[in-house]
Amino acid sequence: MSKFLKGSTATVCVLVFATIAMSAYELLTELIKSVNPLVTSFIGAISGIVIFLVGVYLCVKIEGKALRDYGISWNMREVKHLISGLEIGIAAFVFVVVPLYMMNVYHLTTASYSLTKIVSMLFQFIAVGFLEEYLCRGFIQHHLQRYGWFPALIVTASIFSLMHLGNPGITPLALINIALAGTFMGSVMYAFNSIHAAVGVHITWNWVQGAIFGIPVSGTTPAGYFSTTIVSENLLLSGGSFGAEASLMCTGVTFMLTILFLIMARRNGNLDKFN
């Protein structure tokens with residue numbers, strides 16, 4: 001089998017398994033919804049991740065590569081980077097949303113607090129974080145590294161943005177911001193030389209946004225510890241029904257964080273590995 005055919009087959013394989021894995025969470029949580037919600041969410045998350053890893057393993061066999069060629073490895077170093085990513089994701093979204101409350105673009109009130117719901121959403125976003133990062137920053141971005149770190153970063157971020165094209169309330173600015181979120185997470189991966197740092201960012205960015213502040217996550221409406229309502233009629237600031245990810249504040253923060261972590265990656269000498 002030629003290299004091109006192997007690569008094409010692996011790409012189809014990973015996309016098929018990604019689709020199945022992303023559907024598995026919803027399907028399983030619906031099938032066993034009578035069980036404790038935490039158990040249901042946990043089983044759905046683990047099942048989705050495992051299904052996708054089976055697809056990645058098949059890709060490894062098809063291409064004759066190793067998991068590390070997709071940036072995937074598991075050790076204590078990766079656990080530390082995952083934790084760092086979780087912390088960065090929390091801080092990053094706080095930088096986006098706090099100014100919006102201060103400028104009276106959003107109004108924050110307490111909501112119907114449910115610890116079970118918040119933890120269940122954490123399991124859901126863990127699944128999303130692993131699946132989307134292993135697919136985008138892992139399989140796709142690492143395949144594009146042959147063309148240099150910058151093209152790989154930009155093309156992967158663009159694909160990541162287009163994956164959200166069908167989300168409710170999507171706007172041109174939202175697509176730009178999701179692409180910038182992709183460059184942000186890609187730059188974090190470069191800075192730490194670890195895909196799990198990007199996974200961590202993805203998990204807590206979504207979780208804090210939806211489960212804590214009660215802001216739509218990429219257009220989907222969650223139920224959080226707090227409830228956030230839009231006060232301003234300026235859609236460029238509020239993001240409208242899509243949420244803060246369609247706000248100019250998100251544009252500025254993700255752009256600046258991308259630059260910051262690329263500088264860190266350059267200083268660490270990590271970008272040189274991808275040229």
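Ala, Val, Leu, Ile, Met, Phe, Trp, Tyr, Cys and Pro count as nonpolar, Asp, Glu, Lys and Arg as charged, and the others, Gly among them, as polar. By that scheme, the lining of the largest pocket holds 21 nonpolar, eleven polar and four charged residues. The model is predicted: local features need pLDDT of at least 70, side-chain atom pairs count only at pLDDT 80 or more, and totals for chains, interfaces and linings use all residues. Residues are numbered from 1 along each chain as its sequence is written, and side-chain values use heavy atoms, with hydrogens and water left out.

**Largest pocket**
- A pocket is an open set of points on a 1 Å grid over the protein atoms alone, where a 1.4 Å probe fits, with protein on both sides within 12 Å along at least five of seven lines; lining residues have an atom within 4 Å of a point.
- The volume, which is the space filled by probe spheres set on the points, is about 750 Å³ for the largest pocket.
- Among its 36 lining residues, F125, V128, E132, N206 and V217 lie nearest the centre.
- α4 provides the largest share of this lining, eight residues; helices are DSSP runs (H or I, at least four residues), numbered from the N terminus.

**Second largest pocket**
- The second largest pocket contains about 300 Å³ of space.
- Its lining comprises 14 residues, with G7, T11, E63, H143 and R146 the closest to its centre.
- α1 contributes the most to this lining, with six residues.
- The lining of the second largest pocket consists of five nonpolar, four polar and five charged residues.

Methods
Helix = DSSP H or I, 4+ residues; strand = E, 2+ residues; numbered from the N terminus.
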